[in-house]
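Please consult the sequence and the structure alongside the text.

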Amino acid sequence: DRTIAWAKSHGFEIFAAEGYESPTVTCVANNKGIDIVALNSFLRERGMIISNGYGAKLKNVTFRIAHMGDLQMADMEELFAAIDEYLTQ
């Protein structure tokens, strides 16, 4: 999965145990401690958004990237490029 490959290539860990990853959403461990709220503000300016975790225990400890529905690989590449831009500023 391209989303998992992107996350791992940037030093993030995948929250789900290997073999239990979802085909519709990737939950990434925020092991690098990035500011997900600030990232989402940055992404919103570009018409994108990701989830900052699910539930109180995982909020900002993980983030989720959806790759389901009416999304094309070009959409995902645009999101990855925007996150890359945020991470390098």
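The buried residues of helix α2 pack against strand β3 and helix α3; contact here means heavy atoms within 4.5 Å, and buried means under 20% relative accessible area, exposed over 50%, and partly exposed in between (1.4 Å probe, protein chains only). This is a predicted model, in which local features need pLDDT of at least 70 and side-chain atom pairs count only at pLDDT 80 or more, while totals for chains, interfaces and linings use all residues. Residues are numbered from 1 along each chain as its sequence is written, and side-chain values use heavy atoms, with hydrogens and water left out. Helices (H or I, at least four residues) and strands (E, at least two) are DSSP runs, numbered from the N terminus.

**Helix α2**

- Helix α2 spans residues 36–44, and its buried residues are Ile36, Leu39, Asn40, Phe42 and Leu43.
- These residues lie on the same side of α2, because they cover an arc of only 160° around the axis; the arc is that of the directions from the helix axis to the C-beta atoms.
- An α-helix has 3.6 residues a turn, so residues three or four places apart point the same way.
- At the start of α2, a side-chain oxygen of Asp35 comes within 3.2 Å of the backbone nitrogen of Val37. A polar contact is a pair of N or O atoms within 3.5 Å; within protein, one must be able to donate a hydrogen and the other to accept it, and residues adjacent in sequence count only if both atoms are side-chain atoms.

**Helix α1**

- Helix α1 (residues 2–9) has Thr3, Ile4, Trp6 and Ala7 as its buried residues.
- They are on the same side of α1, since their arc around the axis is only 160°.
- Lys8 and Ser9, on the other side of α1, are exposed.
- The cover over the buried residues of α1 includes β1, β2, β3 and α3.
- The N-terminal end of α1 is capped by Asp1, which has a side-chain oxygen 2.9 Å from the backbone nitrogen of Thr3.
- Gly11 follows α1 and has a positive phi, near 85°.

**The sheet**

- Three strands make up an open sheet in the order β1-β2-β3, with antiparallel pairing; two strands pair if DSSP finds at least two bridges between them.
- β1 and β3 are the edge strands, each pairing on one side only.
- Strand β1 (residues 13–14) is joined to β2 by two bridges in the antiparallel sense, and Glu13 stands opposite Ala29 in β2.
- β2 and strand β3 (residues 62–66) run antiparallel and are joined by five bridges.
- Across these two strands, Val25 stands opposite Ala66 in β3, and Thr26 stands opposite Ile65 in β3.
- Strand β2 (residues 25–29) is mostly covered, with four of its five residues buried.

**Loop residues**

- His67 is found in the loop between β3 and α3 (73–87), and this residue is buried at a relative accessible area of 15%.
- The side chain of His67 reaches the backbone oxygen of Pro23 at 3.2 Å.
- Not counting residues up to four places away in sequence, His67 touches Asp1, Thr3, Ser22, Pro23, Thr24, Val25, Thr26 and Met76.
- Asn60 lies in the loop between α2 and β3 and has a positive phi of about 70°, although it is not a glycine.
- Most residues other than glycine have a negative phi.
- With a relative accessibility of 32%, Asn60 counts as partly exposed.

**The largest pocket**

- The largest pocket holds about 180 Å³ of space. Grid points are joined across faces, edges and corners, and a volume is the space filled by probe spheres set on the points.
- On a 1 Å grid over the protein atoms alone, a pocket is an open set of points where a 1.4 Å probe fits, with protein on both sides within 12 Å along at least five of seven lines; lining residues have an atom within 4 Å of a point.
- The lining consists of Gly47, Met48, Ile49, Ile50, Ala66, Leu71, Asp75, Met76, Glu78 and Leu79.
- α3 gives the most to this lining, with four residues.
- Asp75 is found in helix α3 and is partly exposed, with a relative accessible area of 31%.
- Asp75 and Met48 are 27 residues apart in sequence and 9.7 Å apart in space, C-alpha to C-alpha.
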